[in-house]
Amino acid sequence: MGLPEERSGTGNGSGIGSGSGERRRTWSPPPEFSRTAHVPSMARYRELHRRSVLEPREFWGDIAKEFYWKTPCSGPFLQYNFDVTKGKIFIEWMKGATTNICYNVLDRNVNEKKLGDRVAFYWEGNEPGEATQITYRELLTQVCRCANALRKQGIRKGDRVSIYMPMILELVVAMLACARLGALHSIVFAGFSADSLCERILDSSCSLVITADAFCRGEKLVNLKELVDEALHKCQEKGFPVKSCIVVKHLGRAELGMGDSPSRSPPLKRACQDLQIPWNEGVDLWWHEILGDAGEECEPEWCDAEDPLFILYTSGSTGKPKGVVHTVGGYMLYTATTFKYVFDFREDDVFWCTADIGWITGHSCVTYGPLANGATSVLFEGIPTYPDVSRLWNTVDKYKVTTVYIAPTIIRLLMKFGDEPVTKCSRASLRLLGTVGEPINPEAWLWYYRVVGAQRCPVVDTFWQTETGGQMLTPLPGATPTKPGSATLPFFGVVPAILNESGEELEGEAEGYLVFKQPWPAITRTMYGNHERFEATYFRKFPGYYVTGDGHLLSTVEVESALGEHKAIAEAAVVSHPHPIKGECLYCFVTLREGHSFTPTLVEELKKQVREKISPIATPDYIQNAPNLPKTRSGKIMRWVLRKIAQNDHDLGDTSSVADQSVISNLFSHRCQTVL
């Protein structure tokens, strides 16, 4: 996980140039791919990029014409201020124009583009035998029914709805129903803890929660409703009672006559049969009951282009999650455009982004981007290693997937099992590969290109953030020469720069702070309820620039806070550390209170505390006893020194600002040698 103060290079940080041979080689797009590509050459890319930067009204205005606007834009197409010294930071695209994103991704496709019978999603469950599909027309009907049911529960434009669900079709239905009503959805990844859910409900004052009874993830059964009840109880204790909780009967579908999964292992089947779902009369409502008598038509709420669409929480340097706000019009244009060009979308494509919708990648590349283009996608509930490590590639063959978009973590995980689990599957349908979420190391890139793509599929390695809404640095597969580990060039409307500590722009190959010089349509507009923090986080360090900072949804500060709540811990500091599978993991330094000892039992308690307070995905890999931490004389922890210690890198440079030099040598001598 990147740190807020971490510096980044001009690519996406994979260290290209440190090796030799193929790791430094550049791959040109296959001629047969370029011939039919939306952007077939670098000359065409440069022409479009120049126009998008110098003539944004004309460039994005032409794209806007492809969508339905109840009221067209009659005022300024773009107004903004990136300079805190000149007043309040603001960004406005097409303010005054009115539209509805749900109408554009569903009604427009069904009624105007005549795509009603096209499959919108193939749903692939946790078990290979669990599968279904939904067409655009069917999806529109379900969304309208859900929107009508939400209206009956009192949800109106501007209300906030928390969605805490597994990767099932009802999740897509729920978020689009909120968008249809002009209500803001706040989707919380179903792997987060009850504490994390409670915190996000409270921050955005969500009046309603939508969840499911339970779900399986591999061999693990998760009682989701139990976690929701715990979160709602905490909300109640803090003086904020949530009015309603709508529950999808997902694992209980057999009771509804919708079948059960015969392919579950006996232990998992028994666990599902023994599952007890808590129920709170007066608060809880079954999804199938409230949608059962809801109408199948629902007039959309027409929203200003600058009205908020959703809140998605990402963590920051203060430890309190940031409610990133995206707006209707700009987000719609940008996600539609990035999907079309980054993945060179074709009408007969079957697209598969494996990200959970709880992340921005899922919002933009599972739901809004594909649907805005009328695409057919795979919605996957399972994990890539269950029931075996060929699961992804068998699924590619099953649905004839043409484009796969996955995280380097998954690629590195599957690499260790060798080529055979991949090559025993056909994968003949694949035409494009993509990576997202973190830097990809050259070795993983080459394996992905050679083994998965059989050296015939371009690889688009993309850099973006929750706050950006869509890809910022990315190859265009028919035009851009690619290099293992490099995110290559800016997307349309994106003007990047590298700054040094003094705010001076650096030219050529350089290390520094990655910033952007002007807005693109999907840039976040604010943090929910805290515009001052928004300005301080992204614009105050370098006036006139958007500073990328930390784009991850999990920050080290959250982990430090969770560790610090243990009675044995006086202080904690957490840094990122290279990991052969994950790419990066958490290395924690803990200082004990008097009377406590550093023992294996304590280590397990600390790991358990982080899992419960945040999520299993935040579980530390390394925990080191640190009687003292390296600090400046003013008391600031020097995390860059800790990163060096974690990696056993003794090339520290100038450490004169460390108050007690003996602390460094002591930590080096007691660093963790293996994952605990």
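The model is predicted, so local features need pLDDT of at least 70 and side-chain atom pairs count only at pLDDT 80 or more, while totals for chains, interfaces and linings use all residues. Residues are numbered from 1 along each chain as its sequence is written, and side-chain values use heavy atoms, with hydrogens and water left out.

User: Into which domains is the protein chain divided, and what distance separates their centres?
Analyst: The bounds come from an automatic or database domain assignment. Under that assignment, the protein chain is divided into domain 1 (79-263 + 279-526) and domain 2 (556-670). Taken over C-alpha atoms, the centres of domain 1 and domain 2 are separated by 32 Å.

User: What area do domain 1 and domain 2 bury between them?
Analyst: The size of an interface is often given as the accessible area lost when the parts come together. Buried area here is the accessible area (1.4 Å probe) that two parts lose on being put together, summed over both. With 52% of it on carbon and sulfur atoms, the area that domain 1 and domain 2 bury between them is about 1100 Å².

User: Which residues form a salt bridge whose closest N and O atoms are 3.5 Å apart?
Analyst: A salt bridge is a side-chain nitrogen of Lys or Arg within 4 Å of a carboxyl oxygen of Asp or Glu. Across the interface of domain 1 and domain 2 the rule finds one such bridge. The pair with its closest N and O atoms 3.5 Å apart is Lys-613 and Asp-195.

User: Which other residue forms a salt bridge with Lys-613, at 3.1 Å, and how many places in sequence separate the parts tied together?
Analyst: Lys-613, partly exposed with a relative accessible area of 31%, forms a salt bridge with Glu-565, the closest N and O atoms being 3.1 Å apart. Lys-613 lies in helix H19 (residues 600-613) and Glu-565 in the loop between helix H18 (556-564) and strand S27 (569-579), so the pair ties together parts whose separation in sequence is 48 residues. Helices (H or I, at least four residues) and strands (E, at least two) are DSSP runs, numbered from the N terminus. The partner asked for is Glu-565, and the separation is 48 residues.

User: Are Arg-412 and Glu-438 buried or exposed?
Analyst: The side chains of Arg-412 and Glu-438 meet in a salt bridge (3.2 Å, N to O). Arg-412 lies in helix H14 and Glu-438 in the loop between strand S20 (432-435) and helix H16 (442-452), so the pair ties together parts that are 26 residues apart in sequence. Buried means under 20% relative accessible area, exposed over 50%, and partly exposed in between (1.4 Å probe, protein chains only). By that scale, both Arg-412 and Glu-438 are buried.

User: Why does Gly-369 count as buried?
Analyst: Gly-369 is found in helix H12 (residues 360-372). Leaving out residues up to four places away in sequence, Gly-369 touches Thr-335, Phe-339 and Ser-364, where contact means heavy atoms within 4.5 Å. Gly-369 counts as buried because its relative accessibility is 0%.

User: Which residue's backbone oxygen does the side chain of Thr-488 reach?
Analyst: Thr-488 lies in the loop between strand S21 (459-461) and strand S22 (496-499), and Thr-488 is buried, with a relative accessible area of 18%. At 3.4 Å, the backbone oxygen that the side chain of Thr-488 reaches belongs to Thr-474.

Notes
A polar contact is a pair of N or O atoms within 3.5 Å; within protein, one must be able to donate a hydrogen and the other to accept it, and residues adjacent in sequence count only if both atoms are side-chain atoms.
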